Amino acid sequence: MSLTPERLDMLVTAARRILPLQAPADVLLRQFFQDRPQLGQNDRRMITEMLFGMLRRRFFLEILTEKGTVRELVLAYLSRFQGMNLRQLQPLIRDKESKWLSQIKVTKLETQSLFVQAELPEWLVEKLQISYSDEEILHMGQSFQQAAPLDIRVNSLLSKREEVLTALQQEGIAAEPTPYSPVGIRLKDKPTLKRHQLFLTGKIEIQDEGSQLLGFLLAPKRGEMVVDFCAGAGGKTLLLGALMHSRGRLYAFDISEKRLNNLKPRLKRSGLSNIHPQRINHENDNKLKRLAGKIDRVLVDAPCSGLGTLRRNPDLKWRQSLEKIEEFQKKQQSILAAAAKLLKPGGRLVYATCSLLPEENQQIVAQFLTVHPQFSILDCAQLLAQQKINLPNPPDASEFLQLSPLHHNTDGFFAAALELSSTINQP
Ligand SMILES: C[S@@+](CC[C@H](N)C(=O)[O-])C[C@H]1O[C@@H](n2cnc3c(N)ncnc32)[C@H](O)[C@@H]1O
């Protein structure tokens with residue numbers, strides 16, 4: 001799309017509103033568009049892509065502009081990351097800006113410090129350095145600078161992947177099966193799907209392939225009693241319900257009324273009748289007591305820093321902090337312990353986050369196991385192989401599932417599968 005002076009002005013206005021990050025970037029952007037109903041689809045898409053692109057490269061942009069004005073950040077982004085040369089930018093900019101832009105061309109990214117090259121905050125790089133080499137951190141950071149693909153999940157209760165692929169291809173929407181999830185489809189572009197027939201009839205849902213794999217790790221069977229402890233708006237609940245062929249009982253718990261309300265229209269479209277959403281006040285809510293020791297499989301998709309989703313939510317780099325991560329850790333420990341009480345002997349518990357940090361992942365599991373010796377770790381690669389899902393060998397060959405944009409082109413996810421011994425009763 002060609003950039004006119006009006007479009008550039010609109011982009012700078014949007015950047016002024018969003019970049020201070022007084023709220024999550026997607027919320028601010030939604031408000032920005034609500035205030036400007038005259039903006040067409042193309043302009044909205046251009047503004048969204050550019051602003052998220054700027055957030056993905058912001059540390060380097062701030063070096064280039066010496067923490068300059070928002071307009072300078074935008075111009076530096078267009079010049080360095082959108083491949084616009086001076087000749088293309090000339091009609092849009094002032095003489096002074098043209099001189100400055102030709103100077104910033106020479107600043108090299110490769111000579112910057114690791115946090116700038118990786119585009120990760122310094123505190124996060126320091127944390128990651130405990131577990132990863134600088135080279136690994138750089139590659140990880142670079143993979144988070146790419147935009148995420150648009151993945152959808154086929155609702156196996158209502159359709160088949162082949163049928164959906166054919167329907168999409170007939171409409172000229174380029175799509176291919178996802179490499180790992182048997183019900184996933186990856187779209188080449190980013191068409192608006194919310195008004196598409198396949199979406200309205202519940203045959204597809206938007207869901208990252210990594211998130212789909214967590215459902216296959218839990219692998220609930222038809223007729224079982226299952227709990228999605230932190231169900232949110234039900235991204236994973238709906239997949240679990242479909243894997244259960246809508247048979248048995250699937251409780252979707254969450255403390256957020258708003259998120260559970262967002263599950264309702266999705267549930268209606270899905271054709272599932274075995275899902276029971278219920279708001280709880282906290283993880284030790286009395287409502288949960290009646291289910292203690294009765295559940296076959298529990299998913300804990302724990303609240304976390306979300307740093308594995310930096311491709312989609314690059315603003316998290318400025319919204320997360322060490323203090324917040326400590327708070328998440330306490331919550332994660334407490335939720336995992338509470339969720340474990342629901343399992344029956346022999347039952348499976350999957351603990352998952354979309355975080356990169358061992359503090360929210362391996363360390364939570366290790367702490368849990370010291371207090372709950374009646375649980376043992378299952379090998380995630382083997383569990384997935386039983387579902388005919390074969391992932392490339394993880395770099396550290398652990399029994400956990402660790403997905404990343406770098407190795408799997410999914411969001412970053414961690415999961416541990418735990419089994420309650422079938423011979424010991426819960427204390
Ligand atoms: C990572 S999100 C879940 C996303 C959801 N599973 C999905 O696939 O769309 C974590 C969820 O945990 C919920 N949560 C936070 N504290 C909780 C608690 N004590 N008990 C249950 N859910 C909680 C949050 O409201 C949030 O919806």
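Guide: Leaving out residues up to four places away in sequence, Asp254 touches Cys230, Ala231, Gly232, Arg259, Leu260 and Arg279. In this predicted model, Asp254 lies in strand S6, and Asp254 counts as buried because 23 C-beta neighbours fall inside 10 Å, where 20 or more are required. The UniProt record, an unreviewed entry, gives the feature "binding site" at Asp254 and also at Asp301. Although these positions are spread over 48 residues of sequence, they cluster in space, with a largest C-alpha distance of 10.4 Å.

Asp301, for its part, has its place in strand S8, which covers residues 295-301. Asp301 has 26 C-beta neighbours inside 10 Å and is therefore buried as well. When neighbours within four places in sequence are set aside, the contacts of Asp301 are Leu214, Cys230, Lys236 and Ala352.

Turning to the ligand itself, 19 residues surround it, and the closest are Cys230, Gly232, Gly235, Ser256 and Asp301. Two elements give two or more residues to this shell, namely helix H14 (235-243) and strand S6 (249-254), the latter being the strand that holds Asp254. By residue class, the shell around the ligand divides into 9 nonpolar, 5 polar and 5 charged residues. Asp301 therefore carries both descriptions, as a buried residue and as one of the closest to the ligand.

How values were computed. Residues numbered from 1 in each chain as written. Predicted model: local features only at pLDDT ≥ 70, side-chain atom pairs only at ≥ 80, totals over all residues. Near = placed C-beta within 6 Å. Helix = DSSP H or I, 4+ residues; strand = E, 2+ residues; numbered from the N terminus. Nonpolar A, V, L, I, M, F, W, Y, C, P; charged D, E, K, R; others polar. UniProt positions renumbered as here; feature names shortened; annotations may be inferred. Buried ≥ 20, exposed ≤ 12 C-beta atoms within 10 Å, placed from the backbone. Contact = placed C-beta atoms within 7 Å.
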